[in-house]
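Here are my notes for your first read of this model. Keep the structure open beside them and check each point as you go.

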Amino acid sequence: MTHDTPPSTGPLPAAAARSRDRPDAPVSTGVPRTAPALLPRTRLLERLDRAPAPALTIVQAGSGFGKTSLLADWAGRRPADAEPLIWVTADESVGDAVAFWREVLHVLDRAGLVERTDLAQVEVRGDIADVLPAALRRGFDSLPAPVVLVVDGFERLAGTRVETDLIELLTRTEKLRLVVATHIASEIGSVTTASRLDTLTLDAAALRFDDIEVRGLAAGMGVDSSPRELARLREELEGWPFGIRAVLERRRRTESGSLSDARRAVFGMPVGEPEPLDLALVHRHLLASLDGLEGLDLLAVTSVLDAFTVEQAEVLGADVDGHPVLGELESRGLGTWHGDTEPQQYRLHPVLRRALRDELDRREGATAGAFTRLASWHVGRGEFARGFEAAIHAGQWELARRCVRSDLFEVLVRLRLHPEILRAVPRSVLRDEPLFMLVDGIARYAAGSQAKAVRMLLTAVAACEKQRLTTRGAPTPDQVWVQGILTVALRLVGRYELVPAALRRFVRMLESVDDPDDHLEPSMLLIRTQSIITYGFIDDVAGAERLAVSTTQERHRMSRLQQANLHGLTAFAHARRGDVVRAAASLRTVDELGKPRQFDESFFAVTHHLAAAWVALERFDPCEAAEHLARTDRHWPTMEYWPFALEAMTHVEWQRRGPQSALLTLQEGRAEKRTKVGIGAALTAVLVALEAELLLASGLGSEAAALLTPNRLRRAPRLAVPRSRSLLLAGDHAQAASLADRHALRESLPWHIRVELLLVSASASLRDGDRDTAQERFDRAASIAERTGLRTPFVSMPAADLQVLGASHPRLLAGLSSRSARYPEPSSIIALSRREQRVLIELAEEATLPEIARTLSISTNTLKSQLRSIYRKLGAAGRHDAVQIARRLGLVLLRSETTDEESPR
């Protein structure tokens, strides 16, 4: 808690001498105790009790204005029938949205306000922060009566997601009243917010002591002085409560009882100085006024923490268990036990804490020593994220590296919430510690700062490579770990041309690492899951599936969230491989294990929903697939998986509304992501192949052929499907079968791609008169489909061919007979000879007949004969009609379209 009450002693005013445990007191949880010598500020208490109560109350002033004391006193004086009140202090432990709302729910639960309400279903985690406001609104709406939330130290939350969430929550529910104490002005106190909410504001002008309060304070402290002297004191200090209390306390401890020094500078400075209350001078005066207080020197080391428990103080070297100094400071308003937390935390007044920290920093090595002890203590308790932060402040780089290796995930979460941690690392150290640069870059990437992340990660990549090239022998655990993170970093910054080599090197290093003490074991699950994802992004579906299966079979210490994430990722790997049966089994495993609360809305569930969408699509249920993809919409702006999500969304649209609508979905999605980090050649080929298929299905064969250039086909075997299909539709059966057969044997291709190729080959062979070969290809495709659960590839087959070749597979045909074919029937397209295709190309160029004849080295009469044949085959009325029909069917391209287009569409 940030306690703003300055030091004071003396008798407790009668009005304040009331028990906090009175039987008729309203429900209040987390409220700090007030100092025994608290001065009741009646005029302010009356304003806080204004009826009807405003939705928002803001107490805004700098340090030392008694904000916390005022609100704590007000909370303790409310009538028995007042609304329940909970108190949360925004300190270092609750400085972000996730930690804040987790603390709010925790305090609500302690107050008995969560049970039997929708708040009991709300689980707060970083990956579902975007959906928290809606869940919290439903939770607060389910409360039987309004609740008052007091947030002290709100300046820590200003400008964060918490501030936005609170403003929106107040506008959408009548079951919450918010009271904040803050040092600074922010959005919550803006004119815009005031226009939306009934607001009461108590600023510094209202919080300053008036003459009556100064006289009451002096009387309560036992200071004998005249009203004139006290008025002069208030005037010189401009009513600042802390300064007035400090001067009165100093005077109370003198023997003379005179306040003549009040006309001099407060704390020894001339009155005419522009800033007579310089904080450093306040610190010195404050410590001087506490001279002789036994045990104060012990507390210097605790100043490295915002609040400390007795155990933490002992770890830091301060044995304060039962020490009277804590009670003495509390009586002077310089410290307090924080509410009813367990274990209880003691918070020093920020001015005193800063004074003690300045004192500690002046002792050589004292601050670093305190952080070192704290880091070791956190690591011993398995709190590696906090241990990492303390180790960085202590300059213990090896210990910091150990924390990263032990729990990268939690370290990244803490860095995302507190990005300033690594700013404490000197540049000279950072240059030699690429591990710190890597985690900083990944944390920045996760927070959406992609430009800074890319710069940091590329710098780290260069440092990693330099270190690797200058070392020999078996790789160490550190080198393996860094190589793994380097591989992920290359993926995140879009350097996919380097990812396969980096991943191969990482796998080799992992196999030969010298790690007798199993230093890599704590990170192994993270290493493997990130490697699965990396395999997916380079379209190595076999590698991703193999690693996913082996990881699920090994024994790892995993939380329920990690288990759900791993099995969802495994389902995704199976789906990308085209094994729907195994994907569905992995999804069932997640259900059987029990999903963590709000898992479905979290980032960790993205792969789970993508896999579930593919399973639904193979069952021809686009509505269910769309429902799963809708769960990922909130992550669309930032998620790395967007190419997979876009592919699935396009297929959903294809099944729902046809190829033209799906083509629009694909093109709009790619345009939206045009400015993002590149996705690499492998995933670009996946989307190009899908676009070509949609163009073929839409009757735009010419545009599809423009995408399927020979260079692209050599680099991306996935394009063999639309290319062989375009040949089939054009009537070039031999070429279609040859191309399909050549690629259908590639084990690296997903099962559904191989099935598509086998079916194209079967149709081409059947139309070429080779019934036996056609049946053999179809039977192989049906066998794969039976094992994997694939069904959609068969809808791409011409209906007549499916009926002929599928006669021996009645169970397969039973679920497909009602599905309409996706592509034009090849039987409706008449094959043209190569000479006729050449003539069509020349016709499309609008050359005259004599010019075409000269180009083709034939006579004009021969050309006319060929034209009559072309018109008859195409059913065209003339030259223009023939060109249009040929372009629509993909039988002819313009010369400019026949060049090898290298850039991805």
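**Notes on the model**

1. R137 and D141 form a salt bridge, and their closest N and O atoms are 3.6 Å apart. A salt bridge here is a side-chain nitrogen of Lys or Arg within 4 Å of a carboxyl oxygen of Asp or Glu. Both residues belong to helix α4 (residues 132-141), and because they are 4 residues apart, about one helical turn separates them. Helices (H or I, at least four residues) and strands (E, at least two) are DSSP runs, numbered from the N terminus.

2. A word on the source. This is a predicted model, where local features need pLDDT of at least 70 and side-chain atom pairs count only at pLDDT 80 or more, while totals for chains, interfaces and linings use all residues. Residues are numbered from 1 along each chain as its sequence is written, and side-chain values use heavy atoms, with hydrogens and water left out.

3. Is that first pair buried or exposed? R137 is partly exposed, at a relative accessible area of 30%. D141 is also partly exposed, at 32%. The cut-offs are these: buried means under 20% relative accessible area, exposed over 50%, and partly exposed in between (1.4 Å probe, protein chains only).

4. Look at two further salt bridges. E383 pairs with R381, with 3.3 Å between the closest N and O atoms. E383 is partly exposed at 27%, and R381 is partly exposed at 43%. R401 pairs with E398, and here the closest N and O atoms are 2.2 Å apart. Both lie in helix α17 (residues 397-406), 3 residues apart, about one turn of the helix. R401 is buried at 14%, whereas E398 is partly exposed at 41%.

5. How many salt bridges does the rule give? The count is 36. Some link up: D91, R156, D306, R347 and R353 form a network of salt bridges.

6. Now turn to strand β4 (residues 147-152). Of its 6 residues, 6 are buried. V147, L149 and V151 point one way, while V148, V150 and D152 point the other way. In a regular strand the side chains alternate between the two faces of the sheet.

7. Which strands pair with β4? Strand β3 (residues 85-89) pairs with β4 in the parallel sense over 5 bridges. Two strands pair if DSSP finds at least two bridges between them. In this pairing W87 stands opposite V150. Strand β5 (residues 176-182) also runs parallel to β4, joined by 6 bridges. There V148 stands opposite R177. From β4 the chain passes through helix α5 (residues 161-172) to β5, a right-handed β-α-β crossover. Right-handed means that, with the strands pointing away from the viewer, the path from the first strand over the helix to the second runs clockwise.

8. Finish with the cores. A nonpolar core is a set of buried Ala, Val, Leu, Ile, Met, Phe, Trp, Tyr and Cys residues joined through side-chain atoms within 4.5 Å. The largest has 207 residues, and L299, L329, F388, F778 and F794 touch the most other members. Helix α32 (residues 680-697) gives the most to this core, with 12 residues. Beyond its neighbours within four places in sequence, L329 has contacts (heavy atoms within 4.5 Å) that include L290, L299, Y346 and L352. A second, separate core has 39 residues, among them L56, V124, L143 and L169.
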